Amino acid sequence: MISLPIINFSVIYPEIIILVTAIAVLIADLFIKGDRRAPISLIALAGIIMAAFAIHAQWGANVSGFSGAIIVDNYALLFKYIFLVGALLTLFLSVWYLQREELFSGEYFFFILISIVGMMILSSSNELITAFLGLEIMSIPLYLLAGFDKGKLRSNEAALKYLLMGAFASGFLIYGIAFIYGSMGTTNFDEIVRALSSDSLDTDPLILIGISMIVIGFAFKTAFVPFHSWVPDVYTGAPTPVTAFFSIAPKAAGFAILFRLLTVAFSPIFVNLSTMLWVLAVLTMSVGNLIALTQRNIKRMLAYSSIAHAGYILVSLAIGTSKGTEAGLFYLLAYTAMNAGAFGMVILLGHKGEDDLTISSYGGLSRRHPVAAATMSLFMFSLAGIPPTAGFIGKFNIFSNAISAGFIWLAIIGVINSVISVYYYLRVIITMYMKPEADSVTTVTYPPSLLVAIILAAWGTLHIGLFPNGWLLFIRESVVGLYQAL
Amino acid sequence: MHLILFIIFAVFCIAGAILVIVLRSPVASAISLIFVMCAIAGLFALVGALFVAALQVIVYAGAVMVLFLFVIMLLNIKEELITTDEKRLTRYLGSALGLAFVLEIAYFVRRGLAFGSSSLYLPVPKEFASIELISTGIFTKYLLAFEMTSILLLVAIVGAIMLARGKGRRDT
């Protein structure tokens, strides 16, 4: 007889709520036909709000469940908030776009919600197999979302490329997990940290190869150079709200597990891993920024810029202290707001079929649509890291922490990179304000749902930039428990 | 006896894996993959994991491979269609990097064994991978992972239907 353990379902309440909502969306889609399907998105919205309340109720908890596979602490809960905000913004960005492109269907919201479930599990997983499954639950809907515009060749290409690359990365990840399990006999983070000592790598070199392969597996999802080759094509080919979702939520999920895995579970040997992260950070920042310089297509430019931003957060990961993690999480928050806003503007200024997404098509926008141009400029300034926006405070935080932790060269390379990035962000602004009008006149309509998303993102960008103290305290509160046990 | 069997299975395994990528014809590649999977099943059986060995044969060598062959048949991939227009440099660089990767792993495994502290040296427990042990694991320690797999399958089903449904809207 197997003695069944007592199961504490309360640790996964937010996940269960989102999962049930996803299934409800799928069933509702069966019964509501044709053009009256817009309320389906309201079901998804209600689910997200309920999950947010569930997370709010869990705040401050520090419990683990399912034989230590899941841990609920403020760190995981903060990430769950970020995922929900990402999903919420994507929802508002999507509704009008889907109707414009005649893509509206229940599956779209189902995939977004299930992907969020995967991310939530990933952020609170305390064990490698759970983390792997969380990653897969997150990824498979992403592959499908990339190819959601079935009629378009670019979208098909994006889905296939993403699927093949992602499957390859998963292979690395599971191979790495096998090495770790083979050399340590456990996949649980608490047991790993107890089994490791600072000279573990000398006595058991398999651990190094195992953890390197695990990092490669997650690096594909967070798009670090040299594991970024899928990003430009997938970001360009996928429907634009999906691209916005890609650039926010999965990236945050990848960082959620990387911070916990590297700086907590593998903390005894973190000194050795830090060098690897250092190299990755420099490569990711530099390659992302340099290629972004030459892009003419706005979605492609934002794709490379998102790679570069992952590089800045990698700097904070390479620091490896509680302060570094705080800076990284703060940057993730800021990045979520400003990147969602930038993609929202791309959707607003695009039109059906989206043939025309070059930066030059924004020429003369300031004269015809001054408000739209000003809002776009706000997001571009923030992405470039110019005060008083969120991007500035985020970068300042990361680089000042890097310097005080002794990573002076990394900070210098980071600052040089953010100077380079100013060029291509400002080019968008210059095109809008100083270039003559483009041949194809952009007609702009202002759908309310999209405006809600953009206003939310703009509020976040400005509020984080102007009043960062409250946000910093909020993040400190969520990180402090993570390093307490060490 | 064990060693001889191990060498036979290992050679089959690696030779089959090489053939999968070297052979031109997709069907021949798929057949080589069956060899690899059966050889892996043999390796599992050698360490006493009879249940896993049986699953390996039934699920991979059986079900998954039939699926592969069906796909090849339905897509009707012809040998001559698979062109190798990739650049020479990429090919050599890829092979060199792949080889370096294999050597790296071999080196680390060797070093791990040389130290002897690695649990790779631990003897296989008596009830290793028995049905009881696996089911106990699934329903106690790895319960969540087991349940999460069902979400994964649900998404896969919905996704497959979404992709397979015709290009036009469902209800217009």
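At what angle do helix α3 (residues 74-100) of chain A and helix α4 (residues 106-124) of chain A pack? The answer is about 165°, with the axes 9 Å apart. This is a predicted model, where local features need pLDDT of at least 70, side-chain atom pairs count only at pLDDT 80 or more, and totals for chains, interfaces and linings use all residues. Residues are numbered from 1 along each chain as its sequence is written, chains are lettered from A in the order in which they are written, and side-chain values use heavy atoms, leaving out hydrogens and water.

**The helix pair**
- Since angles over 145 degrees count as roughly antiparallel, α3(A) and α4(A) are therefore roughly antiparallel to each other.

**The largest cavity**
- A cavity is a set of points on a 1 Å grid over the protein atoms alone where a 1.4 Å probe fits but cannot get out, and lining residues have an atom within 4 Å of a point.
- The structure holds three cavities of 30 Å³ or more, and the largest has about 60 Å³ of space.

Note on methods. Axes fitted to C-alpha atoms, helices over the stretch in contact; angles between N-to-C directions. Helix = DSSP H or I, 4+ residues; strand = E, 2+ residues; numbered from the N terminus. Parallel < 35°, antiparallel > 145°, perpendicular 65-115°, else oblique. 1 Å grid on protein atoms, 1.4 Å probe; cavity = no way out; pocket = protein on both sides within 12 Å on 5 of 7 lines; lining within 4 Å. Points joined across faces, edges and corners; volume = space filled by probe spheres on them.
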